[in-house]
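Here are some quick notes to read alongside the model. Have it open while you go through them.

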Amino acid sequence: MKHCFYNETVGFFYNNSRKELTTYWRTKDVLVVALGLTVSVIVLLTNLLVITAIIINRRFHYPIYYLLGNLAAADLFAGIAYMFLMFHTGPRTAELSLKTWFIRQSLLDTSLTASVVNLLAIAVERHQTVFTMQLHSKMSNQRVMILIFCIWVTALLLGLIPSYGWHCLCALDKCSSMAPLYSRSYLTFWAISNLVIFLIMVVVYTHIFIYVKRKMTRMSKHTSFHSDYKETMISLVKTVTIILSAFVICWTPGQVVLLLDGLGCKSCNVLAVEKYVLLLAEINSLINAIVYSYRDSEMRSTFRRILCFVCYRNSKYTPTVVKLNTADRRTLSQNGHFTVDSSKAQARAERYRAVFKFIAHLYTWSESCSC
């Protein structure tokens with residue numbers, strides 16, 4: 001029969017895992033907390049700004065922006081969770097009860113999982129819209145809400161599982177080094193799950209890149225807009241590079257460290273980089289807001305209106321509505337696909353030009369929504 005240690009202190013499990021638990025504030029602890037709180041405040045403000053912009057601007061009332069709003073909500077939650085961690089770290093860790101410690105960790109796990117799963121949902125949605133040549137997904141609002149609900153259910157399950165059994169309170173030999181109350185098997189599962197999601201995202205965005213490149217190469221043979229083609233391809237490369245670089249830089253180090261700890265690597269000094277890889281993952285919540293808002297002129301405009309609300313209080317805000325010109329409307333059928341009229345060479349050339357513009361506009365739209 002297993003003996004469980006439910007009545008022990010947090011210090012007992014830290015000693016068991018040989019993780020240092022200080023009783024006084026060191027310079028390193030103060031710097032980590034100061035930097036962490038600064039990042040948390042910025043994350044809260046930027047993502048709150050994104051959520052507000054999506055709510056007040058009717059142009060953003062589409063499935064992709066609902067997912068972006070949900071991503072901002074997840075990142076906002078991550079900022080709150082990280083701030084809670086900063087107020088309960090360092091010497092304060094020894095004062096925590098087991099319940100409070102699990103709450104601290106569950107908040108982080110839930111928020112970060114929601115952010116990652118939401119990024120995957122956005123990648124899949126962009127893949128669908130690009131391959132069907134639609135500016136917006138045809139997904140209904142009801143389905144979007146169901147998808148968002150599933151994202152949070154998944155995040156909650158993964159975040160709360162350790163508190164309800166997948167821990168090491170009854171098996172001290174299975175305790176991890178980074179999270180002394182968590183089972184190493186849980187860390188392995190969580191790390192592998194996130195790495196699989198990253199791999200899927202790389203495949204999805206690579207597929208989008210290859211498809212758009214081939215499509216626009218064919219279009220460029222029938223139109224004189226070679227400068228537009230080159231500009232769009234450069235923009236495409238930049239977008240994919242930003243998306244994948246942000247993921248690799250912010251998330252991969254933390255997942256690798258968790259995986260090494262979960263596998264019980266004795267020679268790996270995971271505790272030396274623990275706080276830094278977690279901070280790096282939190283910074284991604286800030287990057288998400290900056291990247292897709294910076295690359296969306298309408299979002300930037302809405303931000304300015306919000307920040308300068310006092311200046312605009314006497315003017316009624318009217319959101320910008322994107323309209324295709326007459327030539328574009330003639331060349332696009334109801335389902336958004338190009339229709340060829342082979343009877344007139346000039347008309348065909350015009351249609352190719354319109355399709356080229358549409359693809360460029362489509363991926364420019366995709367740029368602001370993929371991160």
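1. Ile-151 sits in helix α5, which covers residues 141-160; helices here are DSSP runs of H or I with at least four residues, strands are runs of E with at least two, and both are numbered from the N terminus. This is a predicted model, where local features need pLDDT of at least 70, side-chain atom pairs count only at pLDDT 80 or more, and totals for chains, interfaces and linings use all residues. Residues are numbered from 1 along each chain as its sequence is written, and side-chain values use heavy atoms, with hydrogens and water left out.

2. Is Ile-151 buried or exposed? Ile-151 is buried, at a relative accessible area of 3% (buried is under 20%, exposed over 50%, partly exposed in between, with a 1.4 Å probe and protein chains only).

3. Beyond neighbours within four places in sequence, Ile-151 contacts Asn-70, Ala-114, Val-117, Asn-118 and Ala-121, contact meaning heavy atoms within 4.5 Å. Take Asn-70: 81 residues separate it from Ile-151 in sequence, yet the C-alpha atoms are 9.3 Å apart.

4. Now Gln-105, in helix α4 (residues 98-131). Gln-105 also counts as buried, with 13% relative accessibility. Setting aside residues up to four places away in sequence, Gln-105 touches Leu-85 and Tyr-182.

5. On the annotation side, an unreviewed UniProt entry gives "transmembrane region" at several stretches, including 30-57 and 64-87; positions follow the numbering used here, feature names are shortened, and annotations may be inferred rather than shown by experiment. In the model, residues 30-57 are 96% helix and 0% strand, with end C-alpha atoms 41 Å apart. For residues 64-87 the figures are 96% helix, 0% strand and 35 Å.
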